[in-house]
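My notes follow in the order in which I checked things.

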Amino acid sequence: MSNAPSFVTCSSLSFDWPDGTPVFDGFHLAVGPGRTGLIGLNGCGKSTLLRLLAGELTPTEGQLSVSGTVGYLPQNATLDTALRVDQALGIHAARAALHAIEAGEATAANFSAVGDDWDVEERALATLDQLGLGRIGLDRTVGELSGGEGVLLRLAALLLARPDVLLLDEPTNNLDLRARGRLYAAVESWTGVMVLVSHDRELLERVDQIADLRDGEVRWYGGNFTDYEELLGAEQEAAERMVRVAEADVQRQKRELADAQVKLARRKRYGQKMYDTKREPKIVMNARKRAAQESAGKHRTLHTERLAQARERLDHAAEAVRDDDAIRIELPATQVPPGRRVLTLSDLRLVHGAAVPGEWELRGPERIALVGRNGSGKTTLLRTIAGRLAPESGTAQTHVSTRFLPQRLDVLDESRSVVENVARFAPQATNNVIRARLAHFLFRGARADRPAATLSGGERFRAALAALLLAEPAPQLLMLDEPTNNLDLSSVRQLTDALESYAGALVVASHDVPFLESIGITRWLMLDGELRPTTAEEVRDTLWHD
């Protein structure tokens, strides 16, 4: 990392996809040292912007400049499983040369490979230890690591390279609580330029500023995500006041225009009456008629212009009010009476070793949070309950209609439209009924006819959730596996809204503690070898102090 301050700038930047779909048009951005949280709705171009900054994409027009070296951690990054850890870290050549020199091979090539990096092994091990990977060493293969460990290894490689600009795209996806805590610490200690895209509130609490990408422009808010919400809330309150003032002005201008038209009509009737009774000379009455018509025209034009100006002010005020639609649905058929038996696990042992000893029951409309480390068996448990995976021993028995939404959202048929996908789960419902229900999930009109393959991440999740919640029979037990992965903050709020309407039992496996707290969890369960009760406080304590 160089000593000179680094910057990222975009000037009049435009970018279109090969099919002509525009993403940015005349886009401007300037980012200096510090941690910047880049947020925005799914599909607004956040990941595309990072790829442009990283040099993976080329702008269609305009200028893009990044001073210094760049490190980029993309979403869903994968590593070759055959690589050794030192190869994944990018230190294999330097390390091999160092070992050769220590063994007596003091060649110019070996010295060149080492350069000034004589402590490369010590730094690599210290970086791995910082991220909780100290135990893996440098000689194991990537295939021996879990998915979360692979993400941390990619981050370790970036930290070792010490770039001037670090770009992170949803870095906490698929990380368990302990891994997230270590990543948070790494982010907090970063001193260069950092731009991170995330829906993780805990991570966004550790940034210096928020960049809100909306409608192809960035608005800046100093401070972390809490500061952003407070500032945005004040902005929106002021914007809504301006809308109310503008609406009142439009109504007043409408009344004044109507009153003016009534007065003009009266004058016209009076003038006609005078003309008909010939109380004044004809030349005088004609002159008065022309003058009245001119005056009436000016008067009408004045009030019409005032009304148009008032409507323009209303439109301008309304543009400042955000319209991030909320999901509003009624799902009475999902209701589960208190005390009704929903799920029974008996001496259950999962195929990967975790166990639920004895008998465990879920009754009534409980909301269960299932937490635990990566690889602890949370997904395996949900798949076993859903009947997609046989247990090693014991039983998992559901007593009500059940639906399971996996991380991959593979309940959707990519080639079918949203309407057709929902119809697969509710074959008795008419097309009109399905479309009416889908409108509550924000799929209105032509949006409901889009193929699943063309949907953004948030739209795809809403379509999958709609397919399950509108299924026949209605699900009285709903299981969700890491539902907030790849969802923007608005989509997370929409999911929370939808779950508020859900009256059945709920089991959610997630590392997103703020989300779990927002949906009214009634029981917290930790899967760590065995299933045991826990609390939100214990989960957070594990996160911060493990």
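This is a predicted model: local features need pLDDT of at least 70, side-chain atom pairs count only at pLDDT 80 or more; totals for chains, interfaces and linings use all residues.

I began with strand 1 (residues 8-16), which runs antiparallel to strand 2 and is joined to strand 2 by 6 bridges; strands pair here if DSSP finds at least two bridges between them. The elements I name are DSSP runs numbered from the N terminus, helices being H or I of at least four residues and strands E of at least two. Looking along this pairing, I noted that L13 stands opposite F27 in strand 2.

Residues are numbered from 1 along each chain as its sequence is written, and side-chain values use heavy atoms, with hydrogens and water left out.

I then followed the open sheet, in which 3 strands lie in the order 2-1-4 with antiparallel pairing. Its edge strands are strand 2 (22-31) and strand 4 (61-66), each of which pairs on one side only.

Next I turned to helix 6 (residues 147-161) and helix 7 (residues 177-188), which pack at an angle of about 15° with their axes 11 Å apart; axes are lines fitted to C-alpha atoms, for helices over the stretch in contact, and angles run from 0 to 180 degrees between N-to-C directions. Helix 6 is therefore roughly parallel to helix 7, a term for angles under 35 degrees. The contact (heavy atoms within 4.5 Å) is made by L152, L155 and L159 of helix 6 and A179, L183 and A186 of helix 7.

Terms used:
Angles under 35 degrees count as roughly parallel, over 145 as roughly antiparallel, 65 to 115 as roughly perpendicular and the rest as oblique.
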